[in-house]
Amino acid sequence: MPDTDPNPLTHSKAEIAIVMGSDSDLRVMGAAVEVLKEFRVDFHVQVLSAHRTPFDMLTFADRARENGFKVIIAGAGGAAHLPGMVASATSLPVIGVPIKLAALEGIDSLLSIVQMPSGVPVATVGVDNSKNAALLALRILSIGDSELTTKLDSYRDSLADASRLKKVQF
Ligand code: RP5
């Protein structure tokens, strides 16, 4: 069974893992990385393909909890099986990011990720919305972390402030 470890970027205390089907997904998944950096939260990033390295994917998912992860963000496009298959091999929460490819406007990715069978949940964010995946992962971690809760509350306040400044011209 192949068990290579493709280009992982790991922080030793990472509780959030970001996995994606290909390096081409970083174009979208980079927004999740930026959010986690902004919140100064450690994370792990890895290319992991459901179709090209299926055994690596299952090994990662099977060991994710013992490796210290608490939430997994998984992005994939097209026949986007990575989030669902990771969710099938762990009981950690998995957040799926449907990535829009050249064909089909991302509908293929969205339906592949959101339409999971009963009993195997994947929390699916909007097409290409890896930013929301990172924010949802932080919200999950904040349940046991008052410092993170404070940061998320001020982030919400900043959204409200920005919204109140919006003016319509007509
Ligand atoms: C999916 O195939 C990946 O998640 C990616 O979105 C898509 C295309 O991959 P590449 O052909 O660019 O490697 O599995």
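In this predicted model, an N or O atom in the side chain of Arg-52 is 2.7 Å from an oxygen atom of the ligand, a polar contact being a pair of N or O atoms within 3.5 Å. A polar side-chain atom of Ser-24 likewise lies 2.7 Å from a ligand oxygen, and a polar backbone atom of Gly-77 is 3.1 Å from an oxygen of the ligand. Taken alone, the ligand exposes 360 Å², of which the protein buries 72% (Shrake-Rupley method, 1.4 Å probe).

Surrounding the ligand are Gly-21, Ser-22, Ser-24, Asp-25, Arg-52, Ala-76, Gly-77 and Leu-101, each with a heavy atom within 4 Å of the ligand. By class, this shell holds two nonpolar, four polar and two charged residues, with Gly counted as polar.

Turning to the helices (DSSP runs of H or I, at least four residues), the axes of α1 (residues 26–38) and α5 (residues 130–142) come within 7 Å and cross at roughly 35 degrees; axes are lines fitted to C-alpha atoms over the stretch in contact, and angles run from 0 to 180 degrees between N-to-C directions. Val-28, Met-29, Ala-31, Ala-32, Val-35 and Leu-36 of α1 meet Ser-130, Lys-131, Ala-134, Leu-135 and Leu-138 of α5, with contact meaning heavy atoms within 4.5 Å. This contact comprises nine nonpolar, one polar and one charged residues.

Residues are numbered from 1 along each chain, and side-chain values use heavy atoms, without hydrogens or water. Local features need pLDDT of at least 70 and side-chain atom pairs pLDDT 80 or more, while totals for chains, interfaces and linings use all residues.

Note on methods
A polar contact is a pair of N or O atoms within 3.5 Å; within protein, one must be able to donate a hydrogen and the other to accept it, and residues adjacent in sequence count only if both atoms are side-chain atoms. Helices (H or I, at least four residues) and strands (E, at least two) are DSSP runs, numbered from the N terminus.
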